[in-house]
Structure formats: C-alpha cells, structure tokens
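Thanks for coming. I have one chain to go through today, so let me put it on the screen.

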Amino acid sequence: PLAGAGALVPEGGSPDLQFAHPRLFLSCSRCFPSALSHGRIPARRWQQVALGLGATMGAVPITQHQPTSLNHEDLIKRAVSLVTDGANTFLSQTTLALSDALTEYTKAIYALISLQKIYNGRSGQISEKEEDAIWQIIIEARVKMKEKQEKYLSFETKWMTAVHLSETAAGAAFQTGADLASVAVHTHIQMAQNQVGEVKKLALEAEEKLAEVQVEEINLKGKEASVKDIQRTAIQPVNDEEIPEQYLRED
C-alpha cells in the first residue's frame, strides 16, 4: 500500500520517507503550506514528522465488526446434529457386527446339530473306537459354538449401549427443537432393532432344535443302558440258593 511514496521524497532527503503514505504527506503539506514556503520547517525535520506519523498510522490495526447470522439456538442445533450423526454411525456399526456374529453363531449351532444327528442315528451300531472319534468331533464343534456365542454376546452389549446412546441423542435433539433429527434417530433405532430381532430369532430357533437333538440323545442313552442291563441279567447264571424250595427236586 505504500508503493510510490518515494516520488514525494525531496532531493537529498532521507530514503526512509518512501515508507510514508503519499496521502498523509499531501495532507500534511496542506496543513502547513506557509511553513513549508517560508522555510520555517526544515526539509529534514518535515521528513521525520511525516515518517513518524506514517509509521504510527501503519501500526494501528483496523478491524471491522462482522455480525454473524447464527444465534445460540442455531449453534446448539448444529452441535446436536453432530451428536445424532455420531450416534447413528455407532448404532449402524454395532448392528452390523451383532448381525454377523449372530449369523456365525447360528451356523455353528446347525453344524453341531448335524453331527449330533449322525451320532444319534449310529448309536449302538458302531464300535467304541468310532464312537470316540465322532465324540471328539462333536466336542470340537461345541467349543466353536461356545466361542461364537461369547462373541455375539460381547457385540450385543455394545449394541445395547449404542441404542441407549441413540435414544439419548434423539431426546436431546427434540429438546433443542431439531425435530427432524430426532425423528431420524428414532427411525434408525427401530430399523436396527428389527434387523437384530430377525437374526436373533433364527439363532433362538437353532438353539431349540439343538436342545431337541440333545434330549433325543439322552433318551437313546437311557434305552441303551436299559437294554444292556437286561442283557446282563439274562446271561447272569442262576445260583441254586436263589431257587425257591418248592422248585427243588429231591434226589
């Protein structure tokens, strides 16, 4: 902004004067015309005065007040919209994780049911070695199913926290007047609950079928035990002492 000030420097004057503003120089010249014409103020002294005033004016910051169009209510609504967006994202991620974990758990249950049915169908028809081999596979399937169950329970805890957080965010949005954001969050919660409910229903049905197969196994084991007891009783030798007297023949 100070370019061109050097043109106002008198011949033989200080080069520092080129930093003074030309308008300031001209205005000072109008203020003291007689002094300059009669030589009452030396040229070098005038240069120092102009330089000092120019430097002083250049150091004063000029600020302009720019009124904002957002009031406190608008800023609060903007902040609560960030909260609802974060809650929706948290709920979406936990819903997806829980749904996948429940699906894997359901698959593990049906794998165990298949093995259990194979064992029940061959019960009493296989050797002890084959039975031990099948039982080893069943035990491994049960361990895997247990791991899947613990994983889905862990995600379910996080999902319930996300639901609670979303409900709180929806309430905050409603209190601040952000009705659309509140309705959107409630809709998102409903969709997440429906999705998890459908997947969890499949897992509960699988658990019921597994329980039925296990009950069938217990019944088969009971029948096998009864048959073995009867067989042992049939082949057990009868002692003379256990025969009643009336059935004993005299020699």
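This is a predicted model: local features need pLDDT of at least 70, side-chain atom pairs count only at pLDDT 80 or more; totals for chains, interfaces and linings use all residues.

Residues are numbered from 1 along each chain as its sequence is written, and side-chain values use heavy atoms, with hydrogens and water left out.

Confidence to begin with. pLDDT is the predictor's confidence in each residue, from 0 to 100. Its mean over the chain is 76, and 61% of the residues reach 70 or more. Over residues 1–39 pLDDT stays under 50, and the model has 42 contacts for them beyond four places in sequence; contact means heavy atoms within 4.5 Å. Residues 55–60 also stay under 50, with zero contacts beyond four places in sequence.

Now the make-up. The chain has six helices and zero strands; these are DSSP runs numbered from the N terminus, helices being H or I with at least four residues and strands E with at least two. Of the 251 residues, 24% count as buried, meaning under 20% relative accessible area, where exposed is over 50% and partly exposed is in between, with a 1.4 Å probe and protein chains only. Among contacts between residues at least 6 apart in sequence, 73% join residues at least 24 apart.

Helix H5, residues 128–175, has 48 residues and reaches 70 Å from its first C-alpha to its last, close to the 70 Å expected at 1.5 Å a residue; the expected span is 1.5 Å times one less than the number of residues. After H5 comes Gly177, with a positive phi near 90 degrees.

What is in the largest nonpolar core? A nonpolar core is a set of buried Ala, Val, Leu, Ile, Met, Phe, Trp, Tyr and Cys residues joined through side-chain atoms within 4.5 Å. The largest has 28 residues, and those with the most contacts inside it are Leu91, Leu102, Ile109, Met145 and Trp159. H4, H5 and helix H6 (179–235) each supply at least two of its residues, with the largest share, ten, coming from H4. Ile109 touches Met145, Ala203, Ala206, Glu207 and Leu210, leaving aside residues up to four places away in sequence.

Last, Thr95, which is found in helix H4, residues 72–121. Is Thr95 buried or exposed? Thr95 counts as buried because its relative accessibility is 4%. Its side chain makes a polar contact with the side chain of Trp159, at 3.0 Å.

Key: A polar contact is a pair of N or O atoms within 3.5 Å; within protein, one must be able to donate a hydrogen and the other to accept it, and residues adjacent in sequence count only if both atoms are side-chain atoms.
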